[in-house]
Amino acid sequence: MNLNTIGVVISREYATRVKKKSFLIITFLVPVLFAALCCIPAFIMLFSKDDAKTLAVIDHSGIVMQTLESNEEFIWEDCSTCVLDTLKANFDNLPYAGIVYVSALNADNSVSVSTYSKDPIGIAATSALEHAVTDAVEDYRINQYDISGLKDILETVRPDIEVKSYTIGEDGEDKISNAGVYMFLSMGLGIIIFMFVTMFSASVMQSVVEEKQSKVVEVLLSSVNALDLMFGKIIGVALVALTQFFLWIALTAVLVSGVFFFVGKDSLMGTAPQAAQMQMMSGVDTDAVAAVAQDPTAVQEIMQTLSGINYGMLLGSFFLFFIFGYLLYASLFAAIGSAVESVEDSNNLQMPLTVPLMLAYFIAIYSWNAPNSAIAVWGSMIPFTSPIVMLSRIPFGVPAWQVIVSLLLLVATFAAMAWVSAKIYRIGILTSGKKANWKDLWKWLIQK
């Protein structure tokens, strides 16, 4: 290998790719799409605001109507003296968006609730109704015991138990640990490795196929050897991908911040019911997040957990597994790209490479709950799965010897696969007119 030659190939690959119109379009279009995904739900909620809906409430229980509070979204009108069938028969002539019927109290001091409308009244109204009826029935049942202050007593009786977890360090000291923090780090590191390896290794293969189709590679091989060309391309694509990745993050942050600055965060969040609906759509429990942020003990526990993490080992391992995991798969994808005439022809050949990646991802998900299970440990040792699985285990604490052994196996496997890929690449890149299969790859590998 000639480092100077590889450097020239890297410079050419990087300069050629960043000057392409497709690179510029994708680099600036993707952040716009990301920003739109962040802001469009808020705009939809903001501009979907409608006039307040008036709902007629027939309350035969006598306990629900008083708990329903009107707001700018819904107006609850007491129609308990009306007959349900009469309202339904004259519904088109009434100014109501719907009718709420609450039955009389039954034997177990509960009620049944039904709604009637031409159009669905919406999930926000249904949710508000369910909460109000639940609170009303609960209060009524408590009052039936005729015990003064029973509700307050029940609140004080109900315990709020919090389990604190500690890990015993090598120095024998107890260190507080928060499993949620470890899981968050594990999830983030595993996903980053998975996305980078799968996306950008495929980019290497596509680049090799494009040069083979255009016959440019034949000119290049007249000046450099196949091994230098392959590794120069792999590293060049990685640098382009990293440049694009960081630009995506920066531009998306700028666009989203700009939207919130000019439109206003409060305007985008909308009313309380709209915010609740957005929370439900996103799946994020903002109440829980706010509760944690306002709890000094919880914040202290998170900060102590973060301070107890060995960041030197974490960042060093991330960098090494990140680099060698990418190099391992990129070299194999480059070999496959050299053996085919088009990207479509590579589907059968790249299947054995995508299976270990998917398997590693699923093992990583499992390791979030059982980081020291047998499947997680072995998955972090096998070189084809270790870049993803080991990174998902490290935040939970992994013995240093396991990390070292896993890394040595990964480096050794990369060296062996790089040699295999180089032999296949050297012959395959100049072969055309035939759709290669695994038998052909084996012949190229053993050919001297």
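Colleague: To begin, in which helix does valine 137 lie?

Modeller: Valine 137 lies in helix H4. Please keep in mind throughout that this is a predicted model.

Colleague: Is valine 137 buried or exposed?

Modeller: Valine 137 has a relative accessible area of 8%, so it is buried; the cut-off for that class is under 20%.

Colleague: How far is valine 137 from leucine 105?

Modeller: Their C-alpha atoms are separated by 9.1 Å, and the two residues are 32 residues apart along the chain.

Colleague: Let us turn to the sheet. In what order do the strands run?

Modeller: The order is E2-E1-E3-E4, in an open sheet of four strands with mixed pairing. Strand E2 (74-78) and strand E4 (113-116) are the edge strands, each pairing on one side only. On average, neighbouring strands are turned by 25 degrees against each other, with direction ignored.

Colleague: In which sense do E1 and E3 pair, parallel or antiparallel?

Modeller: Strand E1 (residues 53-59) pairs with strand E3 (residues 98-102) in the parallel sense, over five bridges. Within E3, tyrosine 101 is the bridge partner of isoleucine 58, and valine 102 stands opposite aspartate 59.

Colleague: And in which sense do E3 and E4 pair?

Modeller: E3 and E4 pair in the antiparallel sense, over four bridges. On that side, serine 114 in E4 stands opposite tyrosine 101.

Colleague: How many residues of E3 are buried?

Modeller: Four of the five residues of E3 are buried, and the strand is mostly covered.

Colleague: A change of topic: how many salt bridges are there?

Modeller: The count comes to one salt bridge. Lysine 118 forms it with aspartate 92, and the closest N and O atoms are 3.7 Å apart.

Colleague: Which parts of the chain does the pair tie together?

Modeller: Lysine 118 is in the loop between E4 and helix H4 (123-144), whereas aspartate 92 is in the loop between helix H3 (84-89) and E3, so the pair ties together parts that are 26 residues apart in sequence.

Colleague: Are lysine 118 and aspartate 92 buried or exposed?

Modeller: Both lysine 118 and aspartate 92 are exposed.

Colleague: What about disulfides: how many does the structure hold?

Modeller: The structure holds zero disulfides. Cysteine 79 is in none, and its nearest cysteine sulfur belongs to cysteine 82, 4.6 Å away.

Colleague: How do cysteine 79 and cysteine 82 stand in relative accessibility?

Modeller: Cysteine 79 counts as buried at 4%, while cysteine 82, at 30%, counts as partly exposed.

Colleague: Finally, the surface. Which residues form the nonpolar patch?

Modeller: The patch consists of Ile25, Leu29, Val32, Leu33 and Leu255, with about 430 Å² of accessible area together. Helix H2 (residues 21-47) supplies the largest share, four residues.

Colleague: Where is leucine 33 found, and why does it count as partly exposed?

Modeller: Leucine 33 is found in helix H2. Its relative accessibility is 48%, so leucine 33 counts as partly exposed; the exposed class begins over 50%.

Conventions: Residues numbered from 1 in each chain as written. Predicted model: local features only at pLDDT ≥ 70, side-chain atom pairs only at ≥ 80, totals over all residues. Heavy atoms only, no water. Patch = residues over 30% accessible without salt bridge, like charges linked within 9 Å, V, L, I, M, F, W, Y side chains within 5 Å. Areas by Shrake-Rupley, 256 points an atom, 1.4 Å probe, with all protein chains shown as cover. Salt bridge = Lys/Arg side-chain N within 4 Å of Asp/Glu carboxyl O. Helix = DSSP H or I, 4+ residues; strand = E, 2+ residues; numbered from the N terminus. Buried < 20%, exposed > 50% of the residue type's maximum accessible area, 1.4 Å probe, protein only. Disulfide = S-S within 2.5 Å. Pairing = 2+ DSSP bridges. Axes fitted to C-alpha atoms, helices over the stretch in contact; angles between N-to-C directions.
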